[in-house]
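Here's a quick tour of some helix packing. Have the model open and follow along.

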Amino acid sequence: MAGKDTEVVVEARTTLGEPRGIEFERPEPEGTPVRGEAYDPEKIDIVTRSMTIDQILARIRAETIDLNADLQRCRHAWNGVRQSRLVELVLLKIPLPAIYVAEDAGENWTVVDGIQRLTTIARFVDPAVIGDTPLVMEGLEYLGGDYVGKGFKELPPRLQRRLKETELAVHVIRHGTPAPVKFNILSRLNDGGMPLTAQEIRHALTPGRAREILADWAQGKEFRKAIGNGIVDEGMADRELVLRFIAFRLTPLGAYPDGDFEQFLGEAMRALNDIPAVPAPDLASETEPAPEPEESPDAPPAAATTETVDEVGDMDLLADDHGDRPAEDEGETPESEPEPATVPDTAPATPTLAGLDSEFKSAMTAAFAIFGEEAFRKPHGADEGRNPINKALFETIAVNLAALDPDRRDMLVERGGAVREQFIDLIENRKFILAVSQGTGDPAKVRTRFSEIEKLFKKVLS
């Protein structure tokens with residue numbers, strides 16, 4: 001049961017007002033200084049093009065426009081009436097809102113704002129380009145019954161030409177624009193009154209296998225079981241949880257940046273594209289050993305080789321020791337609640353997808369074994385329903401579990417009752433509850449929650 005200082009838990013909602021199964025994360029209070037670097041206006045490159053619908057369809061056919069179909073599947077697509085009324089606006093010569101696209105290095109475009117509009121137009125004019133069924137107009141407001149039940153080919157030739165020759169304003173965010181700037185621009189835009197979440201924007205701006213990895217891991221049985229299958233797909237909240245785990249697992253806590261948290265996650269998703277699936281092969285072990293050179297009077301003694309190996313080993317030990325050094329705490333700490341002496345800087349030295357995947361599954365399995373259906377949630381009273389998943393608790397508990405060796409993780413599972421008792425006591429700590437509830441990207445709050453969970457695990461294990 002949560003303590004008297006526990007914040008009121010508010011659950012995030014879908015665009016239709018339904019619970020999403022994830023806790024709403026409160027922003028920093030007004031007046032809090034904004035973290036992050038200033039942008040150079042000279043690097044912001046946005047151009048506006050006026051393109052006909054026919055030209056846009058040609059680009060879609062050539063696969064130089066990505067309509068972000070995966071993003072559409074995670075949202076409620078427009079129904080037939082709404083799509084028909086958009087076509088009706090075009091036929092009435094009423095200008096449509098501008099389309100926003102992000103350009104990649106190959107000058108291909110990913111549609112970020114305007115997905116439903118372009119999908120609707122493509123479905124009506126040439127449904128084959130998006131692999132959809134033809135749109136037949138229904139529920140029109142102004143054109144009358146003569147057009148209801150008709151598709152594009154049933155329209156008079158002049159109206160077919162009008163549709164194809166209608167011009168749309170396309171704002172192209174050029175490739176050279178810094179990624180954080182792209183994110184901030186697109187986070188302020190809506191698509192038909194349905195704003196994109198931060199993870200949906202990251203998905204749109206980060207093509208490559210990272211999209212597939214997050215989607216696959218978010219559907220893994222260990223993850224779904226740990227979160228109680230309680231997160232609605234809309235908004236990609238489940239993929240964001242997976243990304244948060246990866247981002248913090250790859251980043252030593254002492255290296256966590258004092259900047260924009262969304263930028264931190266964006267960089268992690270881009271880095272995910274480059275992580276090797278498995279360790280690189282040891283080419284030296286796959287080749288035949290070279291013949292030993294003949295001894296010469298001037299050759300150094302064999303012991304020199306041993307010294308070289310020892311020196312490398314010492315460097316590895318120093319590197320491991322450096323990874324456990326505490327990071328300086330830049331946040332102010334009350335005297336009654338001193339910061340822990342250490343922070344868990346245990347990021348893998350050479351991460352691979354296979355290694356991260358194994359750690360992620362092990363952490364999910366352990367979390368469910370310890371906390372059951374309450375995993376990654378704030379405790380609740382006996383007469384209250386289960387609270388939604390808390391993102392900050394998820395990343396903190398999951399990463400700390402992943403950092404343990406298997407034996408210690410198993411021991412923690414065996415002592416699950418003690419972990420739960422200690423966790424309930426920790427929730428009574430006002431500083432900790434704020435660190436997982438409000439402005440959770442703040443470096444001091446990140447250090448607080450990661451260090452406190454690490455201390456809790458160590459206490460139980462000892």
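## Helix H14 on its own

Start with a length check: the 19 residues of H14 should span 27 Å at 1.5 Å a residue, and its end C-alpha atoms are 26 Å apart, which agrees. The expected span is 1.5 Å times one less than the number of residues. Helices here are DSSP runs (H or I, at least four residues), numbered from the N terminus.

This is a predicted model, in which local features need pLDDT of at least 70, side-chain atom pairs count only at pLDDT 80 or more, and totals for chains, interfaces and linings use all residues. Residues are numbered from 1 along each chain as its sequence is written, and side-chain values use heavy atoms, with hydrogens and water left out.

H14 has a list of buried residues (under 20% relative accessible area, with a 1.4 Å probe and protein chains only). Among them are Leu353, Leu356, Phe360, Met364 and Phe371, along with Asp357 and Glu359.

## H14 against H16

How do two packed helices get described? By the angle between their axes and the distance between the axes. For H14 (residues 353-371) and H16 (residues 406-414), the axes come within 8 Å and cross at roughly 20 degrees. That makes H14 roughly parallel to H16, a label for angles under 35 degrees. Axes are lines fitted to C-alpha atoms over the stretch in contact, and angles run from 0 to 180 degrees between N-to-C directions.

The crossing is left-handed, meaning that the near helix is turned anticlockwise from the far one by less than a right angle. On the H14 side, Ser362, Ala366, Ala369 and Ile370 meet Arg409, Leu412 and Val413 of H16, where contact means heavy atoms within 4.5 Å. By class, this contact has 5 nonpolar residues, 1 polar and 1 charged. Ala, Val, Leu, Ile, Met, Phe, Trp, Tyr, Cys and Pro count as nonpolar, Asp, Glu, Lys and Arg as charged, and the others, Gly among them, as polar.

## H10 against H15

Next pair: the axes of H10 (residues 237-250) and H15 (residues 391-402) come within 9 Å and cross at roughly 45 degrees. That makes H10 oblique to H15, the class left over once roughly parallel, roughly antiparallel (over 145 degrees) and roughly perpendicular (65 to 115) are taken out.

H10 passes H15 in a right-handed crossing. H10 brings Glu240, Leu241, Arg244, Phe245, Phe248 and Arg249 to the contact, and H15 brings Lys391, Ala392, Phe394, Glu395, Ala398, Val399 and Ala402. The classes here are 8 nonpolar, no polar and 5 charged residues.

Technical notes: Helix = DSSP H or I, 4+ residues; strand = E, 2+ residues; numbered from the N terminus. Buried < 20%, exposed > 50% of the residue type's maximum accessible area, 1.4 Å probe, protein only.
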